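Have the viewer open as you read.

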Amino acid sequence: MLGDVIRMLPVGVTVQDEHGRFLLMNDAAAVQLGMAGDETPVSQEFSQRREAGLELLRAGREATAEESFGHGAARQVVLTSHRPVRISGRNLLLSSSVDISEQKAVEDHLFRSAYYDELTGLPSRRVIEHRVGGLLQREPHGRFALAFLDIDNFKHINDYYGHAVGDALLVEVAKRISLDLRESDMLSRISGDEFLLLLTPIQNEAEVADFIQFTLERLKAPFFIDGSEVFASISIGVSLYPEHGRSYDVLCQNADIAMYRVKNEGKGMAAFFDAGMEREAQARMKVEQSLRLAILEKRFCCAFQPKVDIRTKEIKGIEALVRLRDDEGVIQAPGTFINLAVELGLIDELTHLVLAEIVKSIDSINETFGHDTTISINVAAKQAGNTEFMCSFAKALEATGFPRRFMIEVTEDAFVTKSHFQDEILPIFRQLGVGISIDDFGIGYSSLSALADITADEIKIDRSFITDIHKRPRSQGILRAIESLSEALGMTVIAEGIESFEELAYLQAATKIRHAQGYYFSRPIFLEELRPAIPIASEARISLASRPAQESRPAYARRGSYRR
């Protein structure tokens, strides 16, 4: 009975003598060692166990070790404990083996998750950091390069083609970069669309520059993914050891700084770190900190610029333009901080601050511009595709009590990329009566076919088309095409950036466009600048009357006031 129990145990059990003979081997052990069956030839696993057992018996020592049997899906891992004993004057080795295959599979998965990227299979940040640390310890006088790589406009690719294509692109980019790497080099994916490349050893900067340029050229070829031809470029920043730092953190930071220099200067190129970049990075950090502090202290205000009916001189609406008061109280234009706010993830809070400023100033707005004028607020394309933010912003607009007064201005990117804006977010604002305006039309992913699919109330033609329109026949043709399609789709057209009488005169004489905006009519106005005794219409007359005769010669510019 005891023999049957031992034979049927789920744990492998063997007894081996000092001559290598197996005096006992139960069924589980026979399967593990490949000896199940009477005619089974001696397996490699059996021979290895026999030799290991003899060595332990001769040494007279205990041991515990992992053993692996089989390959692929049939692979089995066991934990075997060996114990030499002396029974009846004979030296024997008692061995028991427990199947730990499932546990090892979990451990392997956790290991790969911790040290390797699941999507690309590349080593993680901690692996390349450990590798660089080892180089610094073992070869302090050697030379190597760290390159920080970032895929340009990856969010646009994700939005337009979808995340599945975006993920496939990451895999293909990793493969192309890896094609000519040596065994001593290492490519790591350290975050979403960012990679870190270690090149070691290197002889000089020229050698690295040649390899990086070759990589950039290779990446210019299109990627064919799921029937789509996807073009992608990469911005690369490079730091060299020991010239640009003597620790992993410093080298990585300086490569990152160099990469951002490339981003700011046009993308799709490479740059080596230099000391000037560090000064720029420090200045940028100072601006970042100032911006965060300004938002915390709510040191933002709004200026308002009218949208004018150029046929009736009536103010149709106003656009709220955010301004920042710096530490010295000086007003800063949005060009100095808006893009940074988007990059730092601060733009959502800033947009809510603009709305709060409008609500606080609504009585002054009504007195100055009229109770029926629309109030436009700019929303970044990144925000427009963010369902969570847009829903919270819609609730904030509804809470004002006058949501129908508002017009949301978004760039065309929000419509033509594959985001949730057109199908999911837009209906929420429609229910509230909030208008939708396409801002800066003509400088993004514009096409007339895309415009035909957009459901908006207003389209603002970018000032690059309007500047000197009376002298530019090609821009005139484009303007007529946009005007015709917009009219057919029931959209109001706003001409942005009117700064001269000639531009206005052309729009009045050669187009059906009724509305415009620009410094010719009024610069952005801070409400506190207006004296209660002088309404906006009077200020407009004073401003126009003070211009040179050639600018204010038409009756339009000198008579009457803008009706509110």
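Some ground rules before going on. What you are looking at is a predicted model, where local features need pLDDT of at least 70, side-chain atom pairs count only at pLDDT 80 or more, and totals for chains, interfaces and linings use all residues. Residues are numbered from 1 along each chain as its sequence is written, and side-chain values use heavy atoms, with hydrogens and water left out.

For a look at one pairing, take β6 (residues 144-151) and β8 (residues 194-199): they run antiparallel and are joined by six bridges. There, Ala145 stands opposite Leu199 of β8.

Another open sheet of five strands has the order β2-β1-β5-β4-β3, with antiparallel pairing. Here β2 (22-25) and β3 (63-69) are the edge strands; each has a single partner, so one side of each lacks a neighbour in the sheet. Neighbouring strands are turned by 20° against each other on average, direction ignored. Strand β1 (residues 12-17) runs antiparallel to β2, with three bridges joining them, and Val15 stands opposite Leu24 in β2. Helix α3 (residues 44-59) packs on this sheet and touches β1, β2, β3, β4 (76-87) and β5 (90-99). The direction of α3 makes about 55° with that of β1.

Now zoom out. The protein chain holds 24 helices and 21 strands. Of its 564 residues, 46% are buried, where buried means under 20% relative accessible area, exposed over 50%, and partly exposed in between (1.4 Å probe, protein chains only). Among contacts with a separation of 6 or more, 63% are between residues 24 or more positions apart; a contact means heavy atoms within 4.5 Å.

What is packed inside? The largest nonpolar core has 74 residues, and Phe300, Phe421 and Phe429 have the most contacts inside it. Such a core is a set of buried Ala, Val, Leu, Ile, Met, Phe, Trp, Tyr and Cys residues joined through side-chain atoms within 4.5 Å. Helix α12 (residues 347-360) gives the most to this core, with six residues. A second, separate core has 32 residues, including Leu169, Leu199, Leu219 and Val238.

A few backbone spots deserve a stop. Most residues other than glycine have a negative phi, and most peptide bonds are trans. The bond from Thr200 to Pro201 is cis, with omega near -5°, and Pro201 sits in the loop between β8 and α8 (205-219). Tyr241 and Pro242 are also joined by a cis peptide bond, with omega about 10°; Pro242 lies in the loop between β11 and α9 (248-265). As for positive phi, Asp226 has a value near 50°. Asp226 is in the loop between β9 (223-225) and β10 (228-230), and it counts as exposed because its relative accessibility is 65%. Lys267 has phi near 70° and is in the loop between α9 and β12; at 31% relative accessibility, Lys267 counts as partly exposed.

Finally, how far can you trust the picture? The chain averages a pLDDT of 85, and 89% of the residues score at least 70; pLDDT is the predictor's confidence in each residue, from 0 to 100. Over residues 531-564 the pLDDT is below 50, and this stretch has 57 contacts in the model beyond near neighbours in sequence. Where pLDDT is low, the predicted coordinates should not be read in detail.

Methods. Two strands pair if DSSP finds at least two bridges between them. Helices (H or I, at least four residues) and strands (E, at least two) are DSSP runs, numbered from the N terminus. Axes are lines fitted to C-alpha atoms, for helices over the stretch in contact, and angles run from 0 to 180 degrees between N-to-C directions.
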